[in-house]
Structures are given as C-alpha cells and as structure tokens.
Amino acid sequence: MPSNMMDMKMVQCDCGFMMQSHSENEIVKMTQMHAKETHHQEMSAREVKGMMKPAMMMK
Ligand SMILES: [Zn+2]
C-alpha cells in the first residue's frame with residue numbers, strides 16, 4: 001500500500017480526544033480549540049505539530 005497517497009495526520013489528546021485530517025492547519029486549529037475549551041490551555045502550532053502522527057487508515 002503506497003503510504004504517500006493518503007497523507008492523513010492525527011493528534012490524540014491525553015484525554016482521549018482524537019482528530020485526524022489531511023490538513024495540518026485544520027488539525028492545529030481543532031487541537032488548539034479543544035485544548036482551550038476542554039483544558040483551558042493555550043497550545044502553540046509548534047506544540048500541536050509535535051503531537052502529530054501519521055494517521056492509521058482503518059478499513
Ligand atoms: Zn483533551
């Protein structure tokens with residue numbers, strides 16, 4: 001399976017909240033929003049990108 005066809009990224013929060021997208025910017029925005037609303041925490045884009053992993057594609 002070619003790994004570069006579906007370049008999905010994901011971030012999983014410590015609380016179990018998970019988001020995945022093809023767009024890193026979208027993940028950054030969603031993670032920042034989640035951290036702020038749920039954990040009252042400000043996250044920088046760099047911090048979010050540090051948590052980012054390649055998403056597993058589920059069949
Ligand atoms: Zn969380």
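Contact here means that heavy atoms lie within 4.5 Å. The model is predicted, so local features need pLDDT of at least 70 and side-chain atom pairs count only at pLDDT 80 or more, while totals for chains, interfaces and linings use all residues. Residues are numbered from 1 along each chain as its sequence is written, and side-chain values use heavy atoms, with hydrogens and water left out.

**Exercise 1.** State what share of the contacts in the protein chain between residues at least 6 apart in sequence join residues at least 24 apart.

Solution. Take the contacts between residues at least 6 apart in sequence; of these, 39% join residues at least 24 apart.

**Exercise 2.** Find the donors of the zinc ion and name their arrangement.

Solution. Step one is to list the donors (N, O and S atoms within 2.8 Å of the metal, or 3.2 Å for Na, K and Ca): they are Cys 13 (SG), Cys 15 (SG), His 34 (NE2) and His 39 (NE2), at 1.9 to 2.3 Å. Step two is to check the angles, which run from 106 to 118 degrees and therefore make the arrangement tetrahedral, a label that asks for four donors with all angles between 85 and 135 degrees.

**Exercise 3.** Decide whether His 34 and His 39 are buried or partly exposed.

Solution. Buried means under 20% relative accessible area, exposed over 50%, and partly exposed in between (1.4 Å probe, protein chains only). His 34, at 9%, is therefore buried, whereas His 39, at 31%, is partly exposed.

How values were computed: Four donors count as tetrahedral if all angles lie between 85 and 135 degrees; four count as square planar and six as octahedral if opposite donors are over 155 degrees apart and all others between 65 and 115; anything else is irregular.
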